[in-house]
Amino acid sequence: MQPEVTLGINEAAPARDRLLLAAAQLMEGGDQSFSTRAICDLAGVTAPTLYHHFGSKQGLVDAVIHHGFTQYVSPAGSPELSDDPVRDLRDGWDKHVDFGLQHPNFYALLYGDVVPGRPCAITGPATDMLVRLLDEAARRGLLRVPPPEAAAQILSANVGVTLSLITQPDDNRDLRLSERVREAILAGILIAPQHRATGGPAASRTTAAIALLAALDRDPAGLTPGELTLMRELLTRIGG
């Protein structure tokens, strides 16, 4: 029995978009066992159209997973950096949680259905997007750990909090949990405001190394590939 679908699909929309929306609506029920025919009927296309755009049903499902992630974190398809990277991190965290609570079945399917030894299909794009935000924080001397490590910590906690909130009854959901965990994670990866200008020597060296490494990734400053490799290795040791 197919999941009940109540949302209409604009027949004037491109076939690829109708297929994405149809699959997303079916996946909202938390089940991927729906048939290719069910997707095509809902989208108003034939099976060859699905294969033309996505290769297979699984290709379509994978595209929906990626599409769903990029839509709730960055509607424009890439992070829109403000002049305050810490605010960007908080906003991204809150958008992530909000998406999960608005689409609990879909979110649980994206992040909760894991297979041992196989990374989640969307942790790559999520981590890449977070690292871009964290690179800016690093260049400003705000990070106490390298951006990839900070991104892994944020994403793990963000997903955990969202799944935890999804399991709580609507009338007894503690939304402050998200804020408390968010601030604890940020405190662990960011230099405290009162220490950013007066931190001890070790903290200053670590922060400076992380900042310079992030700057080199954006602008190699005329260094040769060999020099860049050596510089990155040295800075990684200091900042690690």
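Figure 1. Beyond the residues within four places in sequence, Ala15 makes contact with Val45, Thr49 and His53. The model shown in this and the following views is predicted. Ala15 belongs to helix 1, which covers residues 15–27. Its relative accessible area is 22%, so Ala15 is classed as partly exposed; the buried class would require a value under 20%. Ala15 and His53 lie 38 residues apart along the chain, and 8.8 Å separates their C-alpha atoms.

**Figure 2. Overview of the chain.** The chain contains 11 helices and zero strands. In sequence order the pattern reads α-α-α-α-α-α-α-α-α-α-α. Of the 240 residues in the chain, 39% are buried. When contacts between residues at least 6 apart in sequence are considered, 66% of them join residues at least 24 apart.

**Figure 3. Packing of helix 2 against helix 3.** Two packed helices are described by the angle between their axes and the distance between the axes. Here the axes of helix 2 (residues 36–43) and helix 3 (residues 47–54) come within 9 Å of each other and cross at roughly 100°. This angle falls in the range of 65 to 115 degrees, and helix 2 and helix 3 are therefore roughly perpendicular. On the helix 2 side, the contact is made by Thr36, Ile39 and Cys40, and on the helix 3 side by Ala47, Leu50 and Tyr51. Five of the residues in this contact are nonpolar, one is polar and none is charged.

**Figure 4. Salt bridge between Arg37 and Asp41 within helix 2.** Arg37 and Asp41 form a salt bridge in which the closest N and O atoms are 3.6 Å apart. Because the two residues are four apart in helix 2, about one helical turn separates Arg37 from Asp41. Arg37 and Asp41 are both exposed.

Figure 5. In soluble globular proteins, nonpolar side chains tend to be buried together. The largest nonpolar core of this model has 54 residues, and among these Leu60 and Leu134 touch the most other members. Helix 8 (residues 147–167) supplies the largest share of the core, with nine residues. Which residues does Leu134 contact, leaving aside its neighbours within four places in sequence? They are Leu89, Leu143, Pro147, Ala150, Ala151, Ile154 and Ile189.

Figure 6. The side chains of Arg90 and Glu183 meet in a salt bridge with an N to O distance of 2.8 Å. This pair links distant parts of the chain, since Arg90 is in helix 5 (residues 85–102) and Glu183 is in helix 9 (residues 176–189), 93 residues away. Arg90 has a relative accessibility of 29% and therefore counts as partly exposed. Glu183, with a relative accessible area of 27%, is also partly exposed. A network of salt bridges links Arg90 and Glu183 with Asp94 and Arg182.

**Figure 7. Salt bridge between Arg180 and Asp174.** A salt bridge joins the side chains of Arg180 and Asp174, at 2.9 Å from N to O. Arg180 counts as partly exposed because its relative accessibility is 44%. Asp174 is partly exposed as well, at 24% relative accessibility.

**Figure 8. Arg182 in helix 9.** Arg182 is located in helix 9. With a relative accessible area of 10%, Arg182 is buried. Apart from residues up to four places away in sequence, Arg182 touches Arg90, Trp93 and Asp94. Arg182 is also part of the salt-bridge network that includes Arg90, Asp94 and Glu183. The C-alpha atoms of Arg182 and Val161 are 9.0 Å apart, and the two residues are separated by 21 residues along the chain.

**Figure 9. Ser178 in helix 9.** Ser178 is placed in helix 9. Is Ser178 buried or exposed? At 6% relative accessibility, Ser178 counts as buried. Its contacts, not counting residues up to four places away in sequence, are with Trp93, Val97, Val161 and Leu165.

Methods: Residues numbered from 1 in each chain as written. Predicted model: local features only at pLDDT ≥ 70, side-chain atom pairs only at ≥ 80, totals over all residues. Heavy atoms only, no water. Axes fitted to C-alpha atoms, helices over the stretch in contact; angles between N-to-C directions. Parallel < 35°, antiparallel > 145°, perpendicular 65-115°, else oblique. Contact = heavy atoms within 4.5 Å. Nonpolar A, V, L, I, M, F, W, Y, C, P; charged D, E, K, R; others polar. Core = buried A, V, L, I, M, F, W, Y, C linked by side-chain atoms within 4.5 Å. Buried < 20%, exposed > 50% of the residue type's maximum accessible area, 1.4 Å probe, protein only. Salt bridge = Lys/Arg side-chain N within 4 Å of Asp/Glu carboxyl O.
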